[in-house]
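Reader: I would like a close look at one part, the surroundings of the ligand. Please then tie that part to the rest of the chain.

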Amino acid sequence: MPMIALPETFADATTIDLHMHSTASDGALAPGELMQLCQSRGLSHVALTDHDTVAGVDEARSEAERLGIALLAGTELSVQWRGMTIHVLGYLPDGVRGTLVDGLVAQAAAREARNLEIARRLEAIGLDDALERARATVEGDRPLGRPDFARALVAAELVPDMAAAFKRYLGAGKRGDVKMHWPYLGEAVGWVRDAGGVAVLAHPLRYKLTRRKRGLLLDDFADAGGAGAELISGFQNPDETRDLARQLNERELLASKGSDFHFPGGYLAPGSMSEAPRTAVAPLWQHPALGGFAVG
Ligand code: AMP
Ligand code: MN
Ligand code: MN
Ligand code: MN
C-alpha cells in the first residue's frame, strides 16, 4: 500500500478513480497497462471494475504493488430492476467469497446465454452469424459484450458507427438490450455483502430516469444493503450532480467517483471526471469495510 492517505473530504480526493475497465471485460488496456496509465496520470487509489468478473485483478494487483498504487478489487455487476438493466459496483477488499463465488459463475453463464439471444435478435435484422462476427472483433477469449456486437454491426455496414449501433439496436430498451438473464438488484447486492464487500450503484444519472424514479432506485438499493452510489461518473451536468448529492444524503448513502474508463484516445482517461459539488457528502472510502484501502 502506498504512503498517500485518502483525504477526509470527497471534494479533495483528486487522485482517486474507483471505476475502470481492462481487457478482462470491454476495456482496451491489459490490467497491468491500465495501472501504468493510472500512475502516469498521478492517481494514488484506484479500483478495477470489469463487467461481471474479477479476472483482471491479480495482474492489476502485481503491477499496482510494483508502482505503489493502492488497488481495490472490484467488479461491475449487470442486474435487472423494474425491467431495466442496471449496474452495481462491488468493491471486494476481502476478495471473492461466500455466495459471490457462485454469483460470478452465474453471471458468466448469464452473459453467454444473453449473447446467444442478442445474436439471434441481430440475425433477424440481417447480421448473419452475429456471434462469430462479434467474437472476430475481439482479441483473446474474454466474454463478449454489447460493444463487440456494436463493432460487428459497424463492420457489416448495417450502421455507420458505434453510437448508431447502440442508438438503434443495443442501447436501453432496444432489441439488443436483453436483460432477462441477469439477477435482480437485491440478489447481486446480497452476493457482494456476503463477500464482505461494499455495493455501490453505478452511474445513477445514466439510466435516463426521472428524479422520482431515481429516488425509488436509490431507495431499493439502500433497502437491499447497498452502501453508496457514484455521485460523479465521468463528465456530467453540475446541476444534476448537486441534485443527486441531495438524494444520496437523504438516504445516508455514501458518495463514490469514477471515470468509467474503457480505452485511451477518447475524451475520458483514468481520473478524468467532473469536479465534486460543494454539497457536503460522505465519501465511500469512509466505509468501515474499506479501512485498509483508505488509510494507505
Ligand atoms: P454489456 O456489459 O455487454 O451489457 O455492455 C455494456 C457496455 O456497452 C457498457 O459498459 C459500455 O462500455 C458500452 N456502451 C453502452 N452504451 C454505449 C454507447 N452508446 N456507445 C458505446 N458504448 C456503449
Ligand atoms: Mn463497458
Ligand atoms: Mn456501467
Ligand atoms: Mn463501467
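Author: The chain has 296 residues, and a compact globule of that length would have a radius of gyration near 19 Å. The chain has 18 Å, which agrees. That radius is taken over C-alpha atoms, and the globule rule is 2.2 Å times the number of residues to the power 0.38. This is a predicted model, in which local features need pLDDT of at least 70 and side-chain atom pairs count only at pLDDT 80 or more, while totals for chains, interfaces and linings use all residues. Residues are numbered from 1 along each chain as its sequence is written, chains are lettered from A and ligands numbered from 1 in written order, and side-chain values use heavy atoms, leaving out hydrogens and water.

Along its principal axes, the C-alpha trace spans about 55 × 45 × 40 Å. The chain holds ten helices and seven strands. These are DSSP runs numbered from the N terminus: helices are H or I with at least four residues, strands are E with at least two. Of the 296 residues, 55% count as buried. Buried means under 20% relative accessible area, exposed means over 50%, and partly exposed lies in between, with a 1.4 Å probe and protein chains only.

Now the ligand. The residues around ligand 1 are Asp-26, His-51, Arg-111, Arg-114, Gly-145, Arg-146, Pro-147, Phe-166 and His-262. Each has a heavy atom within 4 Å of the ligand. By class, this shell has two nonpolar, three polar and four charged residues. In this scheme Ala, Val, Leu, Ile, Met, Phe, Trp, Tyr, Cys and Pro are nonpolar; Asp, Glu, Lys and Arg are charged; the others, Gly among them, are polar. Two helices each supply at least two residues of the shell: H3 (99–123) and H5 (146–155).

Taken alone, ligand 1 exposes 500 Å², and the protein buries 71% of that. Accessible areas come from the Shrake-Rupley method with a 1.4 Å probe; for residues, only the protein chains shown count as cover.

Next, follow H5 onward. Val-154 lies in this helix. Val-154 counts as partly exposed because its relative accessibility is 25%. Its C-alpha is 8.8 Å from that of Ala-164, ten residues apart along the chain. Between H5 and helix H6 (162–170) runs a loop that holds Glu-157. Phi of Glu-157 is positive, about 60°, although Glu-157 is not a glycine. Most residues other than glycine have a negative phi. At 71% relative accessibility, Glu-157 counts as exposed.

H3 has its own detail. Val-105 lies in this helix. It is exposed, with a relative accessible area of 56%. Gly-98 sits in the loop between S4 and H3. At 46%, Gly-98 is partly exposed. Gly-98 and Arg-193 are 95 residues apart in sequence, yet their C-alpha atoms are 9.1 Å apart.

The largest nonpolar core has 68 residues, of which Ile-86, Tyr-91 and Leu-231 touch the most other members. Strand S3 (residues 70–81) gives the most to this core, with seven residues. A second, separate core of 19 residues includes Ala-152, Ala-164, Tyr-169 and Leu-170. A core is a set of buried Ala, Val, Leu, Ile, Met, Phe, Trp, Tyr and Cys residues joined through side-chain atoms within 4.5 Å. Thr-75 lies in S3. It counts as buried, at 1% relative accessibility. A polar atom of its side chain lies 3.1 Å from the backbone nitrogen of Thr-53. Arg-82 is in the loop between S3 and strand S4 (84–91). Its phi is positive too, near 45°.

Methods:
Polar contact = N/O pair within 3.5 Å; in protein donor to acceptor, adjacent residues only side chain to side chain.
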